[in-house]
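Subject: Structure for your review

Dear colleague,

Please find the structure below, with the sequence alongside. My notes on what was found follow directly after it.

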Amino acid sequence: MKIQHSRIKDILFTIAVLCAFFVISLAITELFHTPALTTAVFTLAVFLVALLTQSYVYGILASLISVLAVNFAFTFPYFKFNFSIPENLVSAVIMLVITCMTSALTTKLKQQEKLKAETEKEKMRANLLRAISHDLRTPLTAIYGSSSAILENFESLTTEDLKQMAEGIREDSEWLIGMVENLLSVTRIDNQGVKLVKSPVVLEELIDSVLVRFSKRFPSQEVDVEMPEEFISIPMDAVLITQVIVNMLENAVRHAKGMTMLKLRVFTEGEKVVFEIIDNGCGIAKERLGGIFTGYLENRDVPADHQKHNMGIGLSVCASIIKAHDGEICAENRTEGGCCFRFSLNMEEDGNEQ
Amino acid sequence: MNSNRYKILIIEDETNIRNFVKTILHANGYQVLEAGSSREGMMMYLSHTPDCLILDLGLPDGDGIDFITQVRKQAGVPILVLSARTNESDKVEALDAGANDYVTKPFGTAELLARVRAALRIYQHGSMQNLETDGKFRVNDLVIDFESRQVMLGENEIHLTQTEYNIAALLARHAGKVMTYSEIIREVWRWSDAGSVKKLQVNMANIRKKMGVKPGDNRYISNELGVGYRMNTDG
């Protein structure tokens with residue numbers, strides 16, 4: 001159905017372009033009293049058709065029709081087909097070759113672009129896998145080592161040693177849990193063709209869940225909350241959006257050195273709800289700001305400091321979640337110091353509930 | 001009553017998880033029984049009549065939901081479900097089948113113990129715990145008087161509408177248990193339509209406002225996104 005629709009569109013487009021350029025050629029011939037320019041004009045027409053239609057067939061068709069049109073209208077005898085004059089014949093063949101080649105070239109160009117996009121995606125995927133496997137090794141080594149040490153030297157270890165190692169194991173496991181949550185989120189949106197399951201979520205309940213979850217991990221970190229009083233419902237995948245806000249808050253706790261204030265601000269702007277996570281810490285270095293949502297997949301030469309990379313993936317995950325929700329996301333340094341992560345979601349339209 | 005005597009049955013096929021759950025429950029003075037499959041679990045349940053079940057939903061030999069339904073046919077023993085994070089609908093299904101509560105993997109010891117305590121309290125006092133002899137429900141400074149349909153916060157009465165009161169009272173009667181959206185709607189409105197969940201959410205927002213709680217403060221009622229609400233029991 002869809003294929004047929006685009007075919008009709010392509011045919012109409014081809015006809016329209018050829019007619020338009022036929023008229024232009026007529027005008028030019030009339031204006032300059034010479035048909036010398038027509039070949040060039042028709043070559044341009046074929047080029048456009050080949051570039052903007054889905055199949056090379058249209059390009060070749062257009063080139064055949066152009067040859068006929070030039071022969072018919074713009075070569076002696078005018079408005080009559082005549083292939084017996086060798087001059088006309090040669091000009092027709094040359095034009096056919098030129099237009100066919102243009103058509104073939106543009107088709108090839110399109111294929112290459114598609115291929116390039118695919119390789120790019122493949123490369124991203126491979127990078128992600130490599131980065132993750134690399135990052136998982138560090139905490140796993142620590143967990144494996146600590147637990148083996150406990151098992152093998154149980155008698156000789158002091159309670160203090162045991163406690164310290166158990167703490168290490170817990171800390172690294174927590175990090176792994178965070179990583180796995182993020183990966184799960186990615187797989188939840190990365191399935192091609194699978195649309196997000198959005199359900200209406202009450203803003204207040206969302207923020208409540210975020211704060212409860214956040215304070216479980218960082219009980220001593222206060223979060224200032226500023227949000228509208230009224231009842232706001234936003235269609236979203238609640239698990240994923242919770243993940244985004246928690247990632248951003250966690251990011252601030254880990255990286256905003258010297259932070260004394262962490263603020264979660266929510267406000268409406270037309271049909272959008274805007275979320276801001278604001279801190280007054282050290283801000284983000286200029287050279288990192290540009291690629292902050294994609295940086296995890298680039299710059300892999302940095303030595304394995306896994307804490308940093310985790311948040312790298314955290315922010316990449318945030319960006320892809322918001323993108324999947326058709327929202328916008330950005331990060332910037334504030335003039336007062338510290339930085340601000342901002343994203344927006346579309347609000348529920350009236351009469352479109354559930 | 002002595003909590004040392006409580007018998008808890010863990011049905012979980014992962015030996016490592018079973019072991020650590022057993023260890024923390026032991027350390028906290030509970031008696032622990034274990035089963036690695038749903039068949040073994042059913043046998044243990046029938047022969048030992050435990051006070052609480054901890055059930056993994058992903059058992060190799062049979063559906064956890066069936067297990068819950070089967071137990072619920074005859075007994076009100078509290079069932080705590082261990083679930084993987086990925087799907088809210090699994091949790092809702094388990095709760096609707098009669099499970100009391102769920103803990104999402106990976107979970108910490110403190111969380112698990114708190115849920116076990118709450119579940120056992122339900123068993124000990126019947127469905128109305130936190131209920132003093134005077135027919136009132138209490139958690140922190142919130143008091144719900146079922147007879148006079150009055151809700152007090154400390155010294156002050158808060159005025160709820162009929163519907164709001166019905167919701168609050170329903171949650172209080174099942175305190176400690178997560179009530180799913182559809183359960184609450186069925187009990188409060190008796191029928192449901194496309195807008196029911198929103199109606200419930202709006203009422204809950206009003207209740208929260210009247211109780212004066214801010215997001216992140218779940219002193220009285222905790223909300224489980226996409227699943228339902230729970231009246232708390234712990235102070």
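I begin with one residue of chain B. Setting aside neighbours within four places in sequence, Val71(B) is in contact with Tyr45(B), Val77(B) and Ile79(B). Val71(B) belongs to helix 3 of chain B, which covers residues 64-72. With 21 other C-beta atoms within 10 Å, Val71(B) is buried, since the cut-off for that class is 20 or more. Leu113(B) is 42 residues from Val71(B) in sequence, and their C-alpha atoms are 22 Å apart in space.

Please bear in mind throughout that this is a predicted model.

Confidence in chain A

The mean pLDDT of chain A is 81, and 90% of its residues score at least 70. Within chain A, strand 5 has the highest confidence, at 94, whereas helix 9 (residues 306-324) has the lowest, at a mean of 71. Two stretches of chain A call for caution when you read the model. Over residues 300-309 of chain A, pLDDT stays under 50, and the model has 12 contacts beyond four places in sequence for them. Over residues 350-354 of chain A, pLDDT also stays under 50, and there the model has 7 such contacts.

Overall form of chain A

Chain A contains 9 helices and 7 strands. Its radius of gyration is 31 Å, whereas the globule rule gives 20 Å for 354 residues; the value is well over the rule, so chain A is more spread out than a compact globule. Along the principal axes, the C-alpha atoms of chain A fill a box of roughly 105 × 55 × 40 Å. Of the 354 residues of chain A, 29% count as buried. Where contacts in chain A join residues at least 6 apart in sequence, 71% of them link residues at least 24 apart.

The contact between the chains

How many residues of chain A are in contact with chain B? The number is 22, and they touch 16 residues of chain B. On the chain A side, the elements that give two or more residues are helix 5 (159-190), strand 1 (199-202), helix 6 (203-217) and helix 7 (238-255). Helix 6 of chain A provides the largest share of that side, with 9 residues. Sorted by class, the side of chain A that touches chain B has 12 nonpolar, 6 polar and 4 charged residues.

The buried residues of helix 6 of chain A include Leu203(A), Leu206(A), Ile207(A), Val210(A), Leu211(A) and Phe214(A). Among the buried residues of this helix there are also Glu204(A), Glu205(A) and Asp208(A).

Strand pairing in chain A

Strand 4 of chain A pairs with two strands described here. Strand 2 (residues 224-226) of chain A runs parallel to strand 4 (residues 262-269) of chain A, and 3 bridges join them. In this pairing, Val225(A) has Leu264(A) of strand 4 as its bridge partner. With strand 5 (residues 272-279) of chain A, strand 4 of chain A pairs in the antiparallel sense over 8 bridges. Here Arg265(A) stands opposite Glu276(A) of strand 5. Strands 4 and 5 of chain A form a hairpin with 2 residues between them, and Gly270(A) in the turn has a positive phi of about 65 degrees.

Backbone details in the loops

Pro106(B) lies in the loop between strand 5 (101-105) and helix 5 (109-125) of chain B.

Asp326(A) is not a glycine, yet its phi is positive, at about 60 degrees. Asp326(A) sits in the loop between helix 9 and strand 6 (328-333) of chain A. With 10 other C-beta atoms within 10 Å, Asp326(A) is exposed.

Arg149(B) likewise has a positive phi, of about 55 degrees, although it is not a glycine. The loop that holds Arg149(B) runs between strand 7 (142-145) and strand 8 (150-153) of chain B. Is Arg149(B) buried or exposed? Arg149(B) counts as exposed, with 12 C-beta neighbours inside 10 Å.

With kind regards

Definitions and conventions: Residues numbered from 1 in each chain as written. Chains lettered and ligands numbered in written order. Predicted model: local features only at pLDDT ≥ 70, side-chain atom pairs only at ≥ 80, totals over all residues. Helix = DSSP H or I, 4+ residues; strand = E, 2+ residues; numbered from the N terminus. Nonpolar A, V, L, I, M, F, W, Y, C, P; charged D, E, K, R; others polar. Rg over C-alpha atoms; globule rule 2.2 N^0.38 Å. Pairing = 2+ DSSP bridges. pLDDT = per-residue confidence, 0-100.
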